[in-house]
Amino acid sequence: MTSAARPTWAPAKGSEDQGGSKMFGSRTSYSSKDLPGHKELKSRALGQDGAEEVGKRDLKRELLEKEAKHFANKPELLAAKQLKIQALEHK
């Protein structure tokens, strides 16, 4: 008979008491890997579109400028977009 077929003397438990051979209190020493690591969230630096920078920009105007530039090269797409806009306005 192998050792795998025998039950453990102390049943395994989840949480701090994990481990089959712990019969006494919890351990007093702990590993540095058990400590909390990342306690601060990253914040955006200047030039990375933080909340303050985005609040100052006119995003709708920027979008419309980019769309106009895109649709200037593709007139067939512009006609389809105008039809969608007209349909939304009539609802």
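**Salt bridges and a helix pair**

Arg-57 is partly exposed, at a relative accessible area of 31% (buried is under 20%, exposed over 50%, partly exposed in between, with a 1.4 Å probe and protein chains only). This is a predicted model: local features need pLDDT of at least 70, side-chain atom pairs count only at pLDDT 80 or more, and totals for chains, interfaces and linings use all residues. Residues are numbered from 1 along each chain as its sequence is written, and side-chain values use heavy atoms, without hydrogens and water.

Arg-57 forms a salt bridge with Asp-49, with 2.9 Å between the closest N and O atoms. A salt bridge here is a side-chain nitrogen of Lys or Arg within 4 Å of a carboxyl oxygen of Asp or Glu. Asp-49 is partly exposed, at 42% relative accessibility. Glu-62 also bridges to Arg-57, at 2.8 Å. The structure holds four salt bridges.

Another joins Arg-61 and Glu-65, at 2.8 Å from N to O. Both lie in helix α2, four residues apart, about one turn of the helix. Helices are DSSP runs (H or I, at least four residues), numbered from the N terminus. Arg-61 is partly exposed at 42%, and Glu-65 is partly exposed at 45%.

Helix α2 (residues 59-72) packs on helix α3 (residues 75-89) at about 130 degrees, with axes 7 Å apart. Axes are lines fitted to C-alpha atoms over the stretch in contact, and angles run from 0 to 180 degrees between N-to-C directions. The contact (heavy atoms within 4.5 Å) uses Glu-67, His-70 and Phe-71 of α2 and Pro-75, Leu-77, Leu-78 and Lys-81 of α3.

Technical notes. Helix = DSSP H or I, 4+ residues; strand = E, 2+ residues; numbered from the N terminus.
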